[in-house]
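Subject: Structure handover

Hello,

Please find the structure below. My notes on what was found in it follow.

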Amino acid sequence: PDGRDIDVKPLLRLVEDILRRATLTPETLLTMGSQTYLDSGFDDKTHHTSFLAMLEALSYTIDRIACELAYKALGGTDAHQTTVAICNMVSHYGWDAKLVLALAAFGLNYGEFWLLAQIYSTNQLAKAMAILKQVPGIIEHAVPLKPRFDALNDLIRTILEVTWCVIEFKDLPSIYITTDVPALASAMIHIPTAVYWTIRSIVALFALSTSEAWELSTLTHKVKTILEHLKKKMEECVRYIEERRDVESYQMLVELFKMIHIDNMRVLKALICPRDDELALVDGTTKKRVNLDVLRRKNVLLLISSLDITQDELSVLEQSYNESRLHEMRLQSPYEIVWIPIVDQLTDVKQRHFEVLQTPMTWYSVYHPSIISKASIKFIREEWHFRNKPILVVLNHQGRVVSPNAIHMMWIWGSHAFPFTTLREEALWREEAWRLELLVDGIDATILNWIKEGKYIFLYGGDDMEWIRKFTKEAKAVAAATRIPLEMVYVGKATKREQVKRVIANIVQEKLSTCWQDSATIWFFWTRLESMLFSKIQLGKDEEHDLVMQQIKRVLSFDREGSWAVLSRGSSVLVNEHGHILWPALFEYEQWKEKVALQGFDIAFQNYVAALRGNSHPCSRFEFSNYAGKIPENMKCPECHHYMEKYTTFLCCHDEGIILLQ
């Protein structure tokens, strides 16, 4: 090729139409003499000025090839010589044009033959020409020629596929792929071979009278083998281009979120739906598809999750969402939630699960997970640290991220955290202190009443039933001896739901204390606690000087290590300690009861617990799931304030217990 570039696709479409209408079965041929073959649906869209001009420029070459085919192929000349002669005629054209010009020459003769076959019975001129070209004789022998017709039709289809495939390689965007890419380099090496054997097949098609069915089948097999190789390389090229485009789109998203915008439309379209013409969202209220414009200049909370988001999580979110929608500030700063499900490989089962989750949602959601591009998923994972746990990214009306994850605020403060910005999160923490309300606010109204009454309250947890029996017994005995009003509430564990249910059943049956019997309440308590820690980490708080953070870490660590309890008097937390220290402190009441009269119960108990702790060195342990989002690089121990060692743990919890094989 000398570099001349011709868009041969319109010509190929025209030839393809000729071959499609001319490729008939013997059964059709038998009825040719009694009816006219017409397709009223034919719509000629090729007669444009530019196309006609190109056709005029190429008609001489097409006619030359047609004559070459007629003269040499029918004259019995060697197929290889004819093929080379045709290649020489089109030597200056690109590989795609070589193929299309040869195919056009074949279509010119082949189409003329079958046109006469279709109309000779109703047109005298056509009848005379048909006799001259021996058309009636071929029609009469249609049935014996069936194997040859079948082989011919199969080869024509394969030739067209190869031609389109070669054109596809030419049309690959050079901005994303060049010939130094192995897949494309390999294809470019094989394309000349593909062109040669395809043109040689066209020669065999033209010499149908001398070509046996087995010869056509052999050529078809060879060309199909070449085609499969080219298709494989095309798939590799497409994957390479998609990867390059994904990288480009990802970088565009990174830069886009760094820029200042007039409104939020540009970032939302880039993130959710790069195609402008799609109704990308479903309105949770009307269940109708809507355009992204419904979010224009609104604060948007992007709820990003896998399909593993739980009903507990959705219920709390819906409650907070509905409450905050009624908030007075909404009139000044309206916001919407949009659910973005992250699904790597969508199956029929996952599709149904998606629909089950989407149906009851009252907020907006993307209408289908597939519209979220690979680049957007990569951005969400790498820039917003999404793993598998739900996150709530807050964008202001200009599309700027004002909170990388407000889900923690939702769990801790609910609608009170509106408008869910990092500034609001910091302000809420400044209002908080280490007090019992922080742990149980919005969970148990009874405990809040006990706090108002100034009662002593033990919150305790764990799954060691023997410890629970001993602890509650000694706590009641000490309360009776010191005449303090004591209440106790069992709050379960962060994990092992089934085991916790069995513990609750025993506590209720033995009337050991009050307990939360709703598993959703227990889940929410622990989720809030973990959210408090993540919120503090996200804000970059100083662990060593943040009392609230230290105490939250202690409770979470105790839960991982076994049993624990928090004792408060009204709102004030007196003790937050591991179970193996608290039970001995209560059991050994006789050793410190004299101090109660001198110092009061609060100080006497605190001092004795502190003394026991000084003689004990419990381990502190935190477990962060790989699905939990951004995991801290390091963490200080809440006991000694040294940096803790970091381990990789593989954990498999069995709520129903481990079944031992006998």
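**The open sheet**

Strand S1 (residues 281-282) is joined to S2 by 2 bridges, and the two run antiparallel. Within S2, Arg 289 is the bridge partner of Val 282. Two strands are taken to pair if DSSP finds at least two bridges between them. Helices (H or I, at least four residues) and strands (E, at least two) are DSSP runs, numbered from the N terminus.

S1 and S2 belong to an open sheet of 7 strands with mixed pairing, in the order S2-S1-S5-S4-S3-S6-S7. Strand S2 (289-290) and strand S7 (401-403) are its edge strands, each pairing on one side only. Helix H12 (residues 311-325) packs on this sheet and touches strand S3 (299-305) and strand S4 (335-341). The direction of H12 makes about 160 degrees with that of S4; axes are lines fitted to C-alpha atoms, for helices over the stretch in contact, and angles run from 0 to 180 degrees between N-to-C directions. Contact means heavy atoms within 4.5 Å.

**Basis and confidence**

This is a predicted model, in which local features need pLDDT of at least 70 and side-chain atom pairs count only at pLDDT 80 or more, while totals for chains, interfaces and linings use all residues. Residues are numbered from 1 along each chain as its sequence is written, and side-chain values use heavy atoms, with hydrogens and water left out.

The average pLDDT (the predictor's confidence in each residue, from 0 to 100) is 85, and 85% of the residues score at least 70. Residues 30-43 have a pLDDT below 50, and this stretch has 19 contacts in the model beyond near neighbours in sequence. Residues 656-662 are also below 50, with 2 contacts counted in that way. Where pLDDT is low, the predicted coordinates should not be read in detail.

**Overall counts**

The protein has 25 helices and 12 strands. Of its 662 residues, 49% count as buried; buried means under 20% relative accessible area, exposed over 50%, and partly exposed in between (1.4 Å probe, protein chains only). Among contacts with a separation of 6 or more, 71% come from residues 24 or more positions apart.

**Helix H19**

Helix H19 (residues 465-482) has 18 residues and should span 26 Å at 1.5 Å a residue, which agrees with its end C-alpha atoms being 26 Å apart. The expected span is 1.5 Å times one less than the number of residues. The buried residues of H19 include Trp 467, Ile 468, Phe 471 and Val 478. At the start of H19, a side-chain oxygen of Asp 464 comes to within 3.1 Å of the backbone nitrogen of Glu 466. Just after the helix, Arg 483 takes a positive phi of about 55 degrees.

**Loops and a helix residue**

A cis peptide bond, with omega about 10 degrees, joins Phe 418 and Pro 419. Pro 419 sits in the loop between helix H15 (407-413) and helix H16 (422-431), and Phe 420 is found in the loop between H15 and H16 as well. Phe 420 is not a glycine, yet has a positive phi of about 65 degrees; its relative accessible area is 0%, so Phe 420 is buried.

Lys 511, in the loop between helix H20 (497-510) and strand S10 (514-515), is also not a glycine and has a positive phi of about 55 degrees. Lys 511 counts as exposed because its relative accessibility is 69%.

Glu 168 lies in helix H8 (residues 146-170) and is partly exposed, at 41% relative accessible area.

Regards

Terms used
Polar contact = N/O pair within 3.5 Å; in protein donor to acceptor, adjacent residues only side chain to side chain.
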